[in-house]
Amino acid sequence: MAKQKFKLTLTNVGLIALIIIISAFIFTSSPPAFTGAATTTVDLVMPFAIDAWGSIGWTDCSTQMNGKAWADQYCQAKGYASAQSCYHEAKMERWKWSGTAAAPQKGATTGAGTAFTKAKCVGAATSSTTTTPVTKTVTKTANAVFSDKITIDFGKEYKNVVQVYVEGKPGGEFCKARISVQPYTSSGFISTYTLYTGAVDTHKTATKTFPFSEPGIAIRKVVGKPISAGDANAVNCGLIDYMKVTLTYNE
């Protein structure tokens, strides 16, 4: 019985020791670090040991000859964005950083001590490609005989319209009228406000350009109608002879 109790005691001691080891590992281990997008870096070995001082290991590049500015320029000359950090270690021989930042050359020797030997360069940021919109125009005309409106259908919906140019001729006799132009989308909805030309005499051409400040206007067709300017002697002033519309759009 005494032997059995001793064995059980050893087993318990072993279990307790294992628990202590696991607990120590859990409480002393650093929690995982969650970071954003990874930064691309590369370690470049300097062509010779450059005079430095202070800390050993990876530093902020401030405790070395010509500081971080030249380290940045050295990385940029190699196609990178900048120097993230600089590596310092003890060397038996060091030199002044002569030449240029991009093309280091050995200057005077400074003997043994802390030296700048590696640069950790950060990958150049990928520049986003900006597409410049291409501005285009489309024009259609239509004539009418004894009609109170003209519809111009462009055959498809043009998106991102930035300007509409209108020409129109009121019909009738002794009339003075302006032309109202209403743009529509392919779905038949009104795409923007009604456009009005100035008033002109019958069979004369009224013109006007309408630039849009709001983005994303889409136009498939326009409907033009004459609006009498109130001439008491007008005859058939509700007629329209001709209309021309030019859409300017970006794609």
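## Exercises on a predicted chain

Among contacts (heavy atoms within 4.5 Å) between residues at least 6 apart in sequence, 74% join residues at least 24 apart. The model is a predicted one, in which local features need pLDDT of at least 70, side-chain atom pairs count only at pLDDT 80 or more, and totals for chains, interfaces and linings use all residues. Residues are numbered from 1 along each chain as its sequence is written, and side-chain values use heavy atoms, with hydrogens and water left out.

**Exercise 1.** Describe the chain's elements and its burial.

*Solution.* Start with the elements: the chain has two helices and 13 strands. These are DSSP runs numbered from the N terminus, helices being H or I with at least four residues and strands E with at least two. Next, take burial: 33% of the 251 residues count as buried. Here buried means under 20% relative accessible area, with exposed over 50% and partly exposed in between (1.4 Å probe, protein chains only).

**Exercise 2.** Classify the ring pair Phe48 and Trp95, and place its two members in the chain.

*Solution.* Begin with the rule: rings of Phe, Tyr and Trp (its six-membered ring) pair if their centres lie within 6.5 Å; planes under 30 degrees apart count as stacked, over 60 as edge-to-face and the rest as tilted. The count by this rule is eight aromatic pairs. For Phe48 and Trp95, the centres are 6.4 Å apart and the planes lie at 85°, an edge-to-face pair. Now locate them: Phe48 is in strand S1 (residues 41-51) and Trp95 in strand S3 (residues 80-99), so the pair ties together parts 47 residues apart in sequence. Lastly, check burial: Phe48 is buried at 8% relative accessibility, and Trp95 is buried at 17%.

**Exercise 3.** Which rings have the charged end of Lys169 and Arg178 over them?

*Solution.* Apply the criterion: NZ of Lys or CZ of Arg must be within 6 Å of the ring centre and within 35 degrees of the ring normal. The charged end of Lys169 sits over the ring of Tyr242, 5.5 Å from its centre. Arg178 lies over the face of Tyr196, 4.5 Å from the ring centre.
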